[in-house]
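Colleague: I would like to go through this structure with you, one question at a time. Please keep the answers plain.

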Amino acid sequence: MKIHIITLFPEVFEPYLKVGPVRKAIETNQIEVHFYNPRDYAPSPKEVDDYPFGGFSGMVLKIEPIHKILKEIENKGKVILPTPQGKLLNQKMIAELEKESAITIICGRYKGVDERITKFVDLEISIGDYILSGGEIPALILLDAISRMKEGTLGNKDSCLTDSIISSILDAPYYTRPQDYEGEKVPEVLTSGDHEKVIRWARKEALKRTLLRRPELFYKALLKKDDLIFIKEIEEELRWKT
Ligand SMILES: C[S@@+](CC[C@H](N)C(=O)[O-])C[C@H]1O[C@@H](n2cnc3c(N)ncnc32)[C@H](O)[C@@H]1O
């Protein structure tokens, strides 16, 4: 899969390409990342932005260098524009993008990109209701989330199956050594050696967290046979607490 990234700051990405699932996806030739800097496609490196028409404050990225890059890329795939005005990114969208043979991400800066760029954009995505300084972090998020889905990029391929959202609900809490940290103990069941009990405990904890933190996930959750029993138990326990 080719991931083309149009950015004024390609150096921001370099360290991230060298670690974790992104590095593995690159090393196993499952993704190729290409950078294009609008400065290299402008009449001079400084001519990548300009004042907005209408006398508004701030600067706007010019369309010409970016359009030039888009015309140069052979297999662009879906062209994505990160913007706080876009569709909120979720795991389903990541899973769909992961199947593409290529995607191209245009990183905005300043007040954004000249609106006429949207004519060449297939998908506008937002990573949340807050304002960042540029599209580089949203591009990194896409790069990381897509890489994690590629074959063999995770140390343990099963570990992601219980991850929040991937499993359709939230994940259970995790603990590691020491067993007792300043009086805070790891739940006994986890050191009981009873695998069946541990699995049931983790499932119930995951359901409890989902109920308390993200109840709306239950609308689309893929529930298992015993889940309704667990949910009834959780509701009962919570009723006792209040
Ligand atoms: C300061 S923002 C511009 C915001 C724009 N004036 C607006 O209000 O819609 C600069 C760039 O950062 C990126 N950006 C900022 N916040 C974002 C978000 N929540 N999701 C996706 N991209 C974002 C976009 O690429 C945007 O063009």
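Colleague: Across which strands does helix α4 lie, and at about what angle does α4 run to β5?

Modeller: The model is a predicted one. In it, helix α4 covers residues 91-98 and lies across β5 (78-88), β6 (102-106) and β7. Its angle to β5 is about 175 degrees.

Colleague: Which strands stand at the edges of the open sheet of five strands?

Modeller: Strands of a sheet pair through backbone hydrogen bonds, either parallel or antiparallel. Here the pairing is parallel, and the order is β2-β1-β6-β5-β7. Two strands have a single partner each, so one side of each has no neighbour in the sheet. These edge strands are β2 (32-36) and β7.

Colleague: Which residue of β2 is the bridge partner of I6?

Modeller: Strand β1 takes in residues 2-6 and runs parallel to β2, with five bridges joining the two. At I6, the bridge partner in β2 is Y36.

Colleague: Is D129 buried or exposed?

Modeller: An unreviewed UniProt entry lists D129 under "binding site", along with others including G108 and L132. D129 sits in the loop between β7 (123-126) and α5 (136-148). Its relative accessible area is 78%, and over 50% counts as exposed, so D129 is exposed.

Colleague: Which residues does L132 contact, leaving aside its neighbours within four places in sequence?

Modeller: L132 also lies in the loop between β7 and α5. Its relative accessibility is 35%, so L132 counts as partly exposed. With those sequence neighbours left aside, the contacts of L132 are I127, I137 and P138.

Conventions
Residues numbered from 1 in each chain as written. Predicted model: local features only at pLDDT ≥ 70, side-chain atom pairs only at ≥ 80, totals over all residues. Heavy atoms only, no water. UniProt positions renumbered as here; feature names shortened; annotations may be inferred. Helix = DSSP H or I, 4+ residues; strand = E, 2+ residues; numbered from the N terminus. Buried < 20%, exposed > 50% of the residue type's maximum accessible area, 1.4 Å probe, protein only. Contact = heavy atoms within 4.5 Å. Pairing = 2+ DSSP bridges. Axes fitted to C-alpha atoms, helices over the stretch in contact; angles between N-to-C directions.
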